[in-house]
Amino acid sequence: SGKSTLAGVLTRGVRDNGQGSARQAVFRHPHELESGCTSSISQQILGFDARGALLNYGDDGVGQHTVEQVAERSAKVITLVDLAGLPKYLKTTLGGLSSGAVDYACAVVSAPQGLQRATREHLGLCCSLQLPFFAVVTHAETGDPSEGCGGVGATATVVARTMEQLGELCQLPQIDRRVVQLHSEEHARQWLGCHPTGTPWTQVPVIVVSCVTGAGLPV
């Protein structure tokens with residue numbers, strides 16, 4: 001679905017090539033590199049200065065600082081815990097969600113693939129653990145290859161279909177929340193202003209991104 005790719009793009013400032021190049025620096029084991037699937041728990045950090053500016057990237061905005069440099073310079077650090085998405089690694093995912101002090105969970109959904117069984121299982125775990133969660137819809141630059149889709153119209157159709165699936169899932173009694181798409185940084189700030197840290201979320205914020213074109217990543 002693009003979890004590791006998203007983590008790689010956010011922490012290193014380099015866009016993906018559409019074939020998963022950004023996830024190479026996030027994977028921990030050779031078999032993950034070979035299969036393209038995460039099977040373990042890995043951690044990446046985002047560092048911010050006192051004004052909220054991201055410090056991961058080099059002075060040219062492209063290269064990246066080391067983890068030690070980011071941690072030393074940062075006034076605030078956010079740790080991204082990258083977990084496995086495949087059902088056969090569910091125990092590993094549960095361990096990552098339930099260990100440590102996890103503040104929020106992020107469900108990453110591939111727009112062309114739509115909601116998978118694992119997504120439903122993972123959101124069920126979040127509800128059981130009472131973890132507030134949001135969703136990121138990735139691969140927004142592509143259509144559905146099986147239907148011969150391509151171009152902006154096809155992309156919008158595929159994203160809309162995935163958003164509808166998310167909305168239907170979140171309306172189930174065990175979740176009972178409304179999905180709201182955050183379209184811009186300002187929209188995100190306004191939403192967060194209405195949902196202070198520590199208050200129950202009655203909505204599921206969704207951000208649509210492309211790790212290839214960079215669309216939606218600033219949000």
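1. The chain has seven helices and six strands. Helices are DSSP runs of H or I with at least four residues, strands are runs of E with at least two, and both are numbered from the N terminus. The order from the N terminus is α-α-β-α-β-α-β-α-β-α-β-α-β.

2. A word on the basis. This is a predicted model, in which local features need pLDDT of at least 70 and side-chain atom pairs count only at pLDDT 80 or more, while totals for chains, interfaces and linings use all residues. Residues are numbered from 1 along each chain as its sequence is written, and side-chain values use heavy atoms, with hydrogens and water left out.

3. Overall figures. Of the 219 residues in the chain, 42% are buried. Buried means under 20% relative accessible area, exposed means over 50%, and partly exposed lies in between (1.4 Å probe, protein chains only). Among contacts with a separation of 6 or more, 66% join residues 24 or more positions apart. A contact here means heavy atoms within 4.5 Å.

4. Helices α4 and α5. Helix α4 covers residues 90-98 and helix α5 covers residues 117-128; their axes come within 11 Å and cross at roughly 30°. The angle makes α4 roughly parallel to α5. For reference, under 35 degrees counts as roughly parallel, over 145 as roughly antiparallel, 65 to 115 as roughly perpendicular, and the rest as oblique. Axes are lines fitted to C-alpha atoms, for helices over the stretch in contact, with angles from 0 to 180 degrees between N-to-C directions. The crossing of α4 and α5 is right-handed, that is, the near helix is turned clockwise from the far one by less than a right angle.

5. The residues in that contact. Helix α4 supplies Leu90, Thr93, Leu94 and Leu97, and α5 supplies Glu121, His122 and Leu125. By class, the contact of α4 with α5 holds four nonpolar, two polar and one charged residue. Nonpolar covers Ala, Val, Leu, Ile, Met, Phe, Trp, Tyr, Cys and Pro; charged covers Asp, Glu, Lys and Arg; the others, Gly among them, are polar.

6. Aromatic pairs. Rings of Phe, Tyr and Trp (its six-membered ring) pair if their centres lie within 6.5 Å; planes under 30 degrees apart are stacked, over 60 edge-to-face, and the rest tilted. By this rule there are two aromatic pairs. Tyr104 and Trp201 are stacked, because their ring centres are 5.3 Å apart and their planes stand at 20°. Tyr104 sits in the loop between α4 and β3 (105-110), and Trp201 in the loop between α7 (185-194) and β6 (203-208), so the pair ties together parts 97 residues apart in sequence. Tyr104 is partly exposed at 37%, whereas Trp201 is buried at 12%.

7. The other pair. Trp191 and Trp201 are edge-to-face, with 5.0 Å centre to centre and 90° between the planes. Trp191 lies in helix α7 and Trp201 in the loop between α7 and β6, 10 residues apart. Trp191 is buried, with a relative accessible area of 6%.

8. Backbone points to check. Most residues other than glycine have a negative phi. Gln130 has a positive phi, near 55°. Gln130 is in the loop between α5 and β4 (133-138) and is exposed at 71% relative accessibility. Asp176 also has a positive phi, about 55°. Asp176 lies in the loop between α6 (151-170) and β5 (178-181) and is exposed, at 59%.
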